Amino acid sequence: MPLKGASPPTETLLKALGQILLYLAATVLIGALLTPPLYWMAHAAAGQVRSAWLDGFLAKTDFERFFHRAVMITALGLLWPLLRALRIKNFGHDLGLARDPRRWWRLGAGFLLALVTLLALGGILIFAGVYRMHSHLDYKKLAWLPLTAIVVSVLEEILFRGALQGVVRKTTAEAYAILSVAVLFAAVHFLNPQGMEPAQVHWWSGLALLPDTLSRFREPALLLGGFSTLLLVGLILGYARFRTRSLWMPVGLHAGWVLGKMGLMGVSRHSEAWPWVGPDVLTGLAPLLTLLLTWGIVWWMLRTAR
């Protein structure tokens, strides 16, 4: 089924594009300003609770992680003003979403497909000696991974495929909406600001990270092997959203990839074997081929969906 969509006048398109770009700029700026307070509050809470687990978690969580969480919180907080500015009153109807009668099947199928294909790739890398199993596993940390995968996938799919793809599709053709949001999704996840030690954190420390967020774009191997796989992930999720007119399958796919990636990071020690695999299991030629296989299966599963 071809991707179709009618484009409104150029003036409307440019106005909507300007509002989306303003939203993105404000999200990054406010998120950077919120990062130090979020960092300080987390460490203050750890001192009050006096939890050995929480102290250990914060000790392993660098400033960069708080930056990403602050940006995500800000993106969700500014989402309502963006929808109001774009005159979107009904989140489902106005953004091209509908009730999916096969929602649970698609949620589960997407989750299992993404998880099994990624774990199969991880198994091959372990068998080939690229990855090595840890001698000791942190089962408490691994037990939290499913919850993390669910929360991350739901929040990001509401933001990217739900809101942003829905907004963009109102101002341009469906294919361009899928592609543009996939590029944005890949760029956001490809940003890599340099972490800072707690003693270095000041109220402006989040802003100081912004010039370094593009550091990975200066590395050709990572740009080719990492950005391309993230872009393909975004295209698969956007395609699933388009074919099902819902977020159930995108959420399932996203959660499966997050759980598979974090699970492999938790049980094995990674090495690089360019061009097949880079610093993580979603970077390199092997992950790219695995994702292409996944997209083919998604296409086959949704070939009759309207």
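Modeller: Happy to! Let me start with the whole chain and then zoom in. The accessible surface of the protein chain comes to about 16400 Å², and carbon and sulfur atoms hold 68% of that surface. Please keep in mind that this is a predicted model. Of the 306 residues in the protein chain, 45% are buried. The chain has 12 helices and 2 strands, and along the sequence they follow the pattern α-α-α-α-α-β-α-α-α-α-α-α-β-α. Among contacts with a separation of 6 or more, 79% are between residues 24 or more positions apart.

Now for the close look: helix α7, which covers residues 145-169.

Let us take helix α3 as the first stop, at residues 63-77. The axes of α3 and α7 come within 11 Å and cross at roughly 50°. That angle makes α3 oblique to α7, and the crossing is left-handed. On the α3 side, the contact is made by M72, A75 and L76, which meet L155, E156 and L159 of α7. By class, the residues of this contact divide into 5 nonpolar, no polar and 1 charged.

The other stop is helix α10, residues 220-244. Here the packing angle with α7 is about 70°, and the axes lie 11 Å apart. Because an angle from 65 to 115 degrees counts as roughly perpendicular, α7 is roughly perpendicular to α10. The crossing of this pair is right-handed. From α7 come E157, R161, G162, Q165, G166 and R169, while α10 brings G234, L237, G238, R241 and F242. Sorted by class, the contact of α7 with α10 has 2 nonpolar, 5 polar and 4 charged residues.

Before we leave the helix, find V151, which also lies in α7. Buried would require a value under 20%, and exposed one over 50%.

Conventions: Residues are numbered from 1 along each chain as its sequence is written. This is a predicted model: local features need pLDDT of at least 70, side-chain atom pairs count only at pLDDT 80 or more; totals for chains, interfaces and linings use all residues. Side-chain values use heavy atoms; hydrogens and water are left out. Axes are lines fitted to C-alpha atoms, for helices over the stretch in contact, and angles run from 0 to 180 degrees between N-to-C directions. Helices (H or I, at least four residues) and strands (E, at least two) are DSSP runs, numbered from the N terminus. Angles under 35 degrees count as roughly parallel, over 145 as roughly antiparallel, 65 to 115 as roughly perpendicular and the rest as oblique. A crossing is left-handed if the near helix is turned anticlockwise from the far one by less than a right angle, and right-handed if clockwise. Contact means heavy atoms within 4.5 Å. Ala, Val, Leu, Ile, Met, Phe, Trp, Tyr, Cys and Pro count as nonpolar, Asp, Glu, Lys and Arg as charged, and the others, Gly among them, as polar. Buried means under 20% relative accessible area, exposed over 50%, partly exposed in between (1.4 Å probe, protein chains only). Accessible areas come from the Shrake-Rupley method with a 1.4 Å probe; for residues, only the protein chains shown count as cover.
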